[in-house]
Amino acid sequence: MIETALENIPFEINDSQFLLSLKLPEGSSEAEEAVQLLKEACSIARPKAVYIEAYIESRTEDAVVIDGQTFNSRLLSINTKSTHRLFPYIATCGIEIEQWAGSITDPLKAYFSDMIMQLALKSAVNGLVKHLTEKRLRGKLSCMNPGALKDWPISEQKKLFSLFTNTVGVKLTDSFLMIPVKSSSGIYFTSDKKFENCELCPRENCPSRRAAYRPDC
Ligand code: SF4
């Protein structure tokens, strides 16, 4: 397996995008405070990602084996049936920005810094997707994440993390949560039809929903 770390992903958020995420009107005193904080954060944040180019060793109806690890997910097995190459990944806002945010005590600034970390994670994921897209893979790039759906329990994070020698600073707790919290892990793969966890997730009013709920799809 080839492991590739992307440790220089740019974090470039413009002021208007940031204020829009916070739903703050430009010119307000809160907006000025938020933009000031963003400037500080941009000089500190180092979003990162790491991925592995891996191959499915074997498959059953409800599991796939990668590098000796059996990942128990019926959906993962179904969704990857037309491919053998997978890209397990970890992406993160980075420990630098998390440590910076941890020193903020003012509640409003803490709220702004939480959004900044979220945007830093988004930059890391976008940087990874851009990198994978440049490989000119055949088919649509899709992703599955342990814990996102009942079908693939969060406890499988442990197996996922065991595939990596470099986790770009992300640690897994005993309850399988990632530190920094604004991190993401999973497996990218290509398929004829794009798959989104959201299509099978019944959570209402999720601000991050990327596809409509279609339980019968
Ligand atoms: S709807 Fe929200 S919680 Fe559910 S999978 Fe999509 S992003 Fe995650």
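**Reading the terms against their cut-offs**

Q: Why are α1 and α2 called oblique to each other?
A: Helices α1 and α2 are oblique to each other because angles under 35 degrees count as roughly parallel, over 145 as roughly antiparallel, 65 to 115 as roughly perpendicular and the rest as oblique. Helix α1 (residues 15-22) and helix α2 (residues 29-42) pack at about 120 degrees, with axes 10 Å apart. Such axes are lines fitted to C-alpha atoms, for helices over the stretch in contact, and the angles run from 0 to 180 degrees between N-to-C directions. Helices (H or I, at least four residues) and strands (E, at least two) are DSSP runs, numbered from the N terminus.

The model is a predicted one, in which local features need pLDDT of at least 70 and side-chain atom pairs count only at pLDDT 80 or more, while totals for chains, interfaces and linings use all residues. Residues are numbered from 1 along each chain as its sequence is written.

Q: Which residues make the contact of α1 and α2?
A: From α1 come Asp-15, Phe-18, Leu-19 and Leu-22, and from α2 come Ala-31, Ala-34, Val-35 and Leu-38, where contact requires C-beta atoms, placed from the backbone, to lie within 7 Å. By class, this contact of α1 with α2 has 7 nonpolar, no polar and 1 charged residues; Ala, Val, Leu, Ile, Met, Phe, Trp, Tyr, Cys and Pro count as nonpolar, Asp, Glu, Lys and Arg as charged, and the others, Gly among them, as polar.

Q: What makes α4 roughly antiparallel to α5?
A: Helix α4 (residues 95-102) and helix α5 (residues 107-133) pack at an angle of about 175 degrees, with their axes 10 Å apart, and that makes α4 roughly antiparallel to α5. Ile-97, Glu-98 and Ala-101 of α4 meet Ser-113, Ile-116, Met-117 and Ala-120 of α5 in this contact, which divides into 5 nonpolar, 1 polar and 1 charged residues.

Q: Why does Lys-23 count as exposed?
A: A residue is buried if 20 or more other C-beta atoms, placed from the backbone, lie within 10 Å of its own, exposed if 12 or fewer, and partly exposed in between. Lys-23 has 6 C-beta neighbours inside 10 Å and therefore counts as exposed. Lys-23 lies in the loop between α1 and α2, and has a positive phi of about 55 degrees although it is not a glycine.

Q: What makes Asn-205 count as exposed?
A: Asn-205 has 5 C-beta neighbours inside 10 Å, and so counts as exposed. Asn-205 is placed in the segment after β9.

Technical notes: Contact = placed C-beta atoms within 7 Å.
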